[in-house]
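Subject: Structure for your review

Dear colleague,

Please find below the structure I promised to hand over. My notes on it follow.

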Amino acid sequence: MAGTAKPVLVLNGPNLNMLGVREPEKYGKATLQDVEALCIRTAEASGLTVECRQSNDEGELISWIQAARATHSAIIINAGGYSHTSVAMLDALTLTQLPIIEVHITNIHAREEFRHKSLLSGAAKAVICGCGVDGYAYAMQTAAKLIKGGA
């Protein structure tokens with residue numbers, strides 16, 4: 001499968017480059033590099049490859065999402081604060097027609113009210129929240145099932 005499927009794109013949005021430093025009581029001590037290593041290990045165990053990217057810029061994330069339509073087999077996205085505000089990102093995700101798995105490290109439903117709704121969830125096949133960084137591994141396993149025609 002690794003030789004035939006296009007890679008899974010893992011996108012992380014604003015402030016996720018500060019994992020391990022930013023509010024470790026909420027987000028844990030794992031760094032973004034730890035998250036990326038977890039994604040790579042989980043993808044390899046499922047016979048997939050992965051490409052990880054992070055940006056604090058909404059436009060750059062949208063450009064990557066648009067390009068993924070031709071170059072990737074699925075998108076796992078933690079858009080950070082853009083999850084709650086970006087109609088443009090929702091439109092880009094919908095346009096790809098790829099399996100989208102949305103990840104939130106914390107349980108957004110147990111946080112401030114403005115975080116309870118993610119605009120991006122409307123484009124997602126699955127939403128994983130509140131599992132810490134392990135949510136990325138669950139998302140990769142879900143992506144593998146969707147790519148292989150299950151789930």
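Helices (H or I, at least four residues) and strands (E, at least two) are taken here as DSSP runs, numbered from the N terminus. This is a predicted model, in which local features need pLDDT of at least 70 and side-chain atom pairs count only at pLDDT 80 or more, while totals for chains, interfaces and linings use all residues. Residues are numbered from 1 along each chain as its sequence is written, and side-chain values use heavy atoms, with hydrogens and water left out.

Cysteine 129 is located in strand β5. With a relative accessible area of 23%, cysteine 129 is partly exposed; the classes are buried (under 20% relative accessible area), exposed (over 50%) and partly exposed (in between), with a 1.4 Å probe and protein chains only. Cysteine 129 and valine 103 are 26 residues apart along the chain, yet their C-alpha atoms are separated by 5.8 Å. Beyond its neighbours within four places in sequence, cysteine 129 is in contact (heavy atoms within 4.5 Å) with His104, Thr106, Asn107, Ile108 and His109.

Serine 83 belongs to the loop between β3 and α4 and counts as buried, at 0% relative accessibility. Not counting residues up to four places away in sequence, serine 83 touches Glu102, His104, Lys117, Ser118, Leu119 and Leu120. Leucine 90, in helix α4 (residues 87–96), touches Leu119, Leu120, Gly122 and Ala123 under the same exclusion of residues up to four places away.

Helix α2 (residues 32–45) has 14 residues and reaches 20 Å from its first C-alpha to its last, close to the 20 Å expected; the expected span is 1.5 Å times one less than the number of residues. Its buried residues are Leu32, Val35, Leu38, Cys39, Thr42 and Ala43. They lie on the same side of α2 because they cover an arc of only 130 degrees around the axis, the arc being that of the directions from the helix axis to the C-beta atoms. On the other side of α2, Gln33, Arg41, Glu44 and Ala45 are exposed. The buried residues of α2 pack against β1 (8–12), β2 (50–54) and α5 (134–147).

In α5, the buried residues are Gly135, Tyr136, Ala137, Ala139, Met140, Ala143, Ala144 and Leu146. They pack against β1, α2, β2, β3 (74–78), β4 (100–104) and β5 (126–129).

Most residues other than glycine have a negative phi. Asparagine 15, in the loop between β1 and α1 (24–27), has a positive phi near 75 degrees and is partly exposed, with a relative accessible area of 40%. Glutamine 97 also has a positive phi, of about 60 degrees; this residue sits in the loop between α4 and β4 and is exposed, at 66% relative accessible area.

The largest pocket

On a 1 Å grid over the protein atoms alone, a pocket is an open set of points where a 1.4 Å probe fits, with protein on both sides within 12 Å along at least five of seven lines; lining residues have an atom within 4 Å of a point. The largest pocket has a volume of about 170 Å³, a volume being the space filled by probe spheres set on the points, which are joined across faces, edges and corners. Of its 15 lining residues, Tyr27, Gly80, Gly81, Arg111 and Arg115 are the closest to the centre.

Yours sincerely
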